[in-house]
Amino acid sequence: MEIVIIDDEPKIRNGLKHLLERQEGWTVAGAFENAVDALGYLSHHCADVIITDIKMPELNGLEMLARLRERDMDADVIIVSGYSDFRFAQQAIELGVLRYMVKPTNPRELLQILRSVEEKKRGTVKKPAPAVHNLLVKKAVDYIESHYSEKLSLKEIAEKLYVTPNYLSDLFKRHTGKNISVYITDVRLEKAKEYLTIPECNVASISERVGIGNSRYFSNIFKKKYGMTPSEYRNRSVEFET
């Protein structure tokens with residue numbers, strides 16, 4: 001199992017390196033004092049596990065991780081930080097961090113976590129990557145699916161994921177082939193089709209339920225996508241059922 005360590009404190013960096021290299025089957029492929037050098041290394045090399053601090057000069061650990069996730073690096077990440085700030089922990093969770101540990105680190109706990117990772121990797125059969133395989137994009141998709149009935153914007157979703165709107169927009173388009181606004185509309189229209197099978201829901205109320213306040217606009221974009229108005233779709237669904 002190949003491990004990369006990033007920490008600007010020499011004592012901690014060297015201590016971790018010494019601890020992990022004593023374990024059979026584990027290799028410390030790199031020990032870096034800053035995230036910039038680590039990012040350069042990881043651009044050309046793979047790692048099974050990344051152990052990183054957060055607060056470092058030039059580029060912090062979470063910013064580095066966001067860039068690695070953009071490149072679809074699926075290494076397990078363990079944060080070892082001197083800060084127990086909830087904001088850092090929340091952002092780490094959003095970026096798919098395996099564990100957030102606060103210094104001073106318990107060596108026994110760290111080794112136990114790493115052994116669990118090793119066992120998981122040994123027992124995992126590689127599967128084809130899903131169509132939406134970038135973690136941040138997956139988070140954006142999940143957020144849209146859960147909040148489609150509300151007012152949604154690229155800026156709001158980007159803020160929830162701690163990235164810039166431009167970054168999220170480019171990433172989303174690259175991995176889904178759609179602009180995020182188009183994707184939101186598609187989700188809303190698919191949900192509307194489900195509501196149209198319920199006789200008690202009129203078109204105006206369905207428009208509101210799926211986050212499109214203007215029912216005329218809703219009918220227009222529905223017809224543009226499906227070739228029929230919401231009412232025509234409902235009538236056709238009823239005909240099929242009977």
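Reader: Hi! Which strands does helix α1 lie across?

Author: Helix α1 (residues 10–21) lies across β1 (2–6), β2 and β3 (49–52), and runs at about 175° to β2. Angles run from 0 to 180 degrees between N-to-C directions, with axes fitted to C-alpha atoms, for helices over the stretch in contact. Helices (H or I, at least four residues) and strands (E, at least two) are DSSP runs numbered from the N terminus. This is a predicted model, where local features need pLDDT of at least 70, side-chain atom pairs count only at pLDDT 80 or more, and totals for chains, interfaces and linings use all residues. Residues are numbered from 1 along each chain as its sequence is written, and side-chain values use heavy atoms, leaving out hydrogens and water.

Reader: Thanks! And what does helix α3 touch?

Author: Helix α3 (residues 61–70) touches β1, β3 and β4, at about 155° to β3. Contact means heavy atoms within 4.5 Å.

Reader: What's the strand order in the sheet?

Author: The open sheet of five strands goes β2-β1-β3-β4-β5, with parallel pairing (strands pair if DSSP finds at least two bridges between them). β2 (27–32) and β5 (99–102) are at the edges with a single partner strand each, so one side of each has no neighbour in the sheet.

Reader: How many bridges join β4 to β5?

Author: Four bridges join β4 (residues 76–81) to β5. In one of the pairings, valine 80 has methionine 101 of β5 as its bridge partner.

Reader: Switching topic, which residues have the most contacts inside the largest nonpolar core?

Author: Ile50, Met64, Ile157 and Phe218, in a core of 58 residues. Such a core is a set of buried Ala, Val, Leu, Ile, Met, Phe, Trp, Tyr and Cys residues joined through side-chain atoms within 4.5 Å; buried means under 20% relative accessible area, exposed over 50%, partly exposed in between (1.4 Å probe, protein chains only).
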